[in-house]
Structures are given as structure tokens and as C-alpha cells.
Amino acid sequence: MSLLDLVNPATEEPLGAVELLSAAQAAEAVGRAQAAFPGWRAVAPADRARLLRRFAAAVDAHREELAQLEVRNAGHPVTSARGEAAAVRDVLEYYAAAPERLFGRQIPVAGGLDVTFAEPLGVVGLIVPWNFPMPIASWGFAPALAAGNTVVLKPAELTPLTALRLAELARDAGIPDGVFQVLPGEGPVVGRLFVDDPRVRKVVFTGSTRVGKEIMAGAAAQVKRVTLELGGKSANIVFADADVARAAAAAPGAVFDNAGQDCCARSRILVQRTVFDEFCARLDEAVRAVRVGDPTREDTEVGPLISAAHRDRVAAFVPADAPVVSRGSAPSGPGFWFPPTVLAPGSATDRVCVEEVFGPVAVVLPFDDEADAVRLANDSEYGLSGSIWTGDVGRALRVSRAVEAGNLSVNSHSSVRYGTPFGGFKQSGLGRELGPDALAAFTEVKNVFFASGE
Ligand code: NAD
């Protein structure tokens, strides 16, 4: 058994230690999940739905406790953390409707009756990152459980506390033993076990593209199903015909929210050249107004980065001679702080324009016309998210069809809604989560033909 000391990223105060499971302990848990599967899939649809609604109600009743845990463990501003706890409730409520609506089809054929069934897969392994520990976990476990699978969930090493509490709430709500287990541990140990253990039938991984590729390669050995939610370098495209003041006011939230530790961060701000200077002046005002600080305060908008090591990684993108056009504030003293920073690099091929920073660092780049904007936006190995600001409906339609990304918003920065599909193009991922079709990712279609005996 090994222990990992947790630290409050806003204060650097110790939060206690969490036990990291060995591969053997994780394998035992997979065995329990496998043993629980036949019973869980046999629970009547209405009863499975009722249990998920009870789980949602338990989360709702403990929203404040969960939020405060996330404030301490991940440094999220308390108002954001409350929204994240509420999001878990909402996702559970949404998929609680699924067990009774997991329809197959009846397909016309000669000589009998043909029907399809949506069969659960078995044990599903979820691997979750540290940036949004609660919501991302729920995007996997809610539809997976609704479809009749059992779940083993590995939280990120640094942020296991809310996931562990959610497992207790599930148990208190009556979810049977072994159906939903949270297994804190190291990625290459517990996460890797999910890939290698043939009893785990699917891996849902959210994290870096580097590890996602390893998981996909490992899963190939067993043709194991994967859903991958990976990195991003999303574009925020502002045309001259947009409401430039509104676009500039909204831009910081789209990239500095969660201190930029957001896979959907619009970290490449592309602005039509004719309004570039005006936009940058307004953006500077908005960046300076971002309230970075103590995440326990109700008026804080941005908290610290997750760790000292991550702050060093982020800081490496902003050397002393970096072309800074705007810089916000950040507390000094304890905590892993980094000020919101906007750079205006000379070239779109600079490292900071290409690589995911995963911190509060954005670039602003000019473009000439619509074709140039689309070319720049698509000049990335990623394709997760993005925004288009324009007053021209036709342009909004053309550009949103042309940008290679899974989640776009026009004249706003919305990315994730539990009722709509979420996922990436290109190296941002594989498959979709959330929305009405997520159940398909947690079931296999089985076709059965019944001969009529004619
Ligand atoms: P990471 O890839 O380092 O870790 C993610 C998870 O994978 C952790 O639980 C980790 O323990 C585990 N892991 C690490 N190595 C492993 C291995 N060899 N085998 C199995 N599991 C392993 O990523 P991170 O630093 O925690 O998260 C940041 C990344 O996540 C960013 O790239 C971000 O864009 C991405 N992300 C994507 C989405 C999305 O929905 N597309 C959402 C959030 C974060």
C-alpha cells in the first residue's frame, strides 16, 4: 500500500493522505464489479431508474459538501464547484430516464421476427483527469450505470476526494455493492489495469492526448471499446461584423475559467485584422478585471493551478521576453498562482500557438478574411471546441460547418450541456459523451431473428 499526500492548491496546506491501490487490489475490485454485473443488469428498468434518481437526490442533498471538498482539493472557485456538484445531479437525473427507454428495434424481414437489443457491456473502466473531477466522472458513470453496466472509476491522483464521496453517496442511495467502485491509484498502475484486464470491457478515458494514444494502442490487443476525450487548442474567431465589445468581454471567461485548465479553453483568439487593435484594447480591460484569488470567496472567478509542477509547465510558455499584450493579477504567497496572460506571437507556428498550455495563457492572432480564419482555426492537430462571433447568420453557418471541431458555439462560449453530445474531432478524441446517444457508447447492439416456422 502506498499513500499520496494531498495539498490544497490555493494554500499549500496538507489535506491528508489517500491510499493508492496496487494493481492486485484494483484487480480484486474488477472481480467484484464483474460479480455484481449479472445482478445489476437484471434489476428491473423502473427500479434501476429509481436507484439512479435516489443517487441524484443524494448528490443534491450533499451539493455544498461536495463543492467545499472540490474547493479544497482542486482549488476551484466555490461558485464553480457548486455548479459542478449540481451538474453531477443533473447528469444522473437525465440518464435515470434511460433504463426505461433503452429501446431496440423491430426490423421487417421475411420468415419471422427480427429485433435488436441494447445489451450492456459488462464492467466499464473510467479514467478521469484532475481538471473537472466531478462532472467528467459523471459523464461516464451515469449513462454506464443506466445501461446496466458496472463501473470502476479511477480518479486522477491529485483529486480523488469528490469521487470517493460520490461512491459513498451511491451506496447510501441503494446502488448495490460492487456496482460503482472508486479506485484511487496511479495511472500506469490502476488505469493501465483497466486497459489490460480482459474483464474490463470498455475504457472511457479523459486526459492528455499522449496517454490517450497509449490507451488506444493497449486496448487494440483485446479490441476493447474506448471512448477518448483528449486535449484541445480551440479557436475563438471574432469577425469585424461581430459585436466586438461583447466578444472581447466574453473572451477571458472562455479561456481563463478554471485557470485555463479546461480542455475546451478557447486559447487561440483569432481576430479580423480591421478590428484587431480595438479588440485587443477591450480584451486588456477585461483581462485586468478577472478576479483571481481565494477560491472560498463568493466573488472569485479564477483560482490557482493544480500543482507546483503544473505551474512550472505553464510558466515555461511565458519566458521573460514573451510578447505579452495583456496580463491580469494573481495573489502572491502560498498557492500555485499564475496571472491570466495574453500573448501576441509573431507567428501562428510558435509553440504557444500549437501546444495545449492547460493554464491561463491565451494567444491573439490577426486574420484577413473568412477563408483565412477557417484555415488558421483548422491548423491544429486538435478539434475539440471553438466559438464564432459574427453578426452575419450566413457566415455563422458557413464557418461553423467549416471548422473541424466537435463543439462550437456562435456568439457565446457554451461547450457542455448534459443533453447534447460532447467530444472531439481529430486528436481531441474518439466517440461522444452526453446527450441522447451516450447510451450507445455503453451498449452493444444484438440482433435476434425468431423464425416463424412457416
Ligand atoms: P493525464 O493524461 O496525465 O491523466 C488523465 C488520467 O489518466 C489520470 O487519472 C491519470 O492517472 C491517468 N493515467 C496517466 N497515465 C496513464 C496510463 N499510462 N494508463 C492509464 N491511465 C493513465 O491528463 P491530466 O493531466 O490529468 O489532464 C489534462 C488533460 O486532459 C489535458 O490534455 C486536457 O485537455 C484533457 N482533458 C480532456 C477533456 C475532454 O473532454 N476532451 C476533458 C478534460 C481534460
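Trainee: How far is an oxygen atom of the ligand from an N or O atom in the side chain of Trp130?
Mentor: Please keep in mind that this is a predicted model. A pair of N or O atoms counts as a polar contact within 3.5 Å, and the pair made by the ligand oxygen and the side chain of Trp130 lies at 3.2 Å.

Trainee: How much of the area that the ligand exposes when taken alone is buried by the protein?
Mentor: There are 29 residues around the ligand, and Val128, Glu157, Ser208, Leu230 and Glu356 are the closest. Taken alone, the ligand exposes 850 Å², and the part of this area that the protein buries is 90%.

Trainee: What is the volume of the largest pocket?
Mentor: Its lining consists of 34 residues, with Trp130, Gly207, Ser208, Arg210 and Val211 nearest the centre. Elements that give two or more residues to this lining are α7, β8, α8 and α11. The volume of the largest pocket is about 1000 Å³.

Trainee: Into which classes do the residues lining the largest pocket divide, and how many are in each?
Mentor: At least three lining residues come from domain 1 (2-230 + 428-451), and at least three from domain 2 (235-417). Sorted by class, the lining of the largest pocket has 9 charged, 9 polar and 16 nonpolar residues.

Trainee: Which element gives the most residues to the lining of the second largest pocket?
Mentor: The second largest pocket has a volume of about 620 Å³, and among its 29 lining residues Phe132, Asp257, Asp262, Ser415 and Val416 are closest to the centre. Two or more residues come from each of α4, α5 and α9. The element that gives the most, with 6 residues, is α4.

Key. Residues numbered from 1 in each chain as written. Predicted model: local features only at pLDDT ≥ 70, side-chain atom pairs only at ≥ 80, totals over all residues. Heavy atoms only, no water. 1 Å grid on protein atoms, 1.4 Å probe; cavity = no way out; pocket = protein on both sides within 12 Å on 5 of 7 lines; lining within 4 Å. Points joined across faces, edges and corners; volume = space filled by probe spheres on them. Helix = DSSP H or I, 4+ residues; strand = E, 2+ residues; numbered from the N terminus. Nonpolar A, V, L, I, M, F, W, Y, C, P; charged D, E, K, R; others polar. Domains from an automatic or database assignment. Near = heavy atom within 4 Å. Polar contact = N/O pair within 3.5 Å; in protein donor to acceptor, adjacent residues only side chain to side chain. Areas by Shrake-Rupley, 256 points an atom, 1.4 Å probe, with all protein chains shown as cover.
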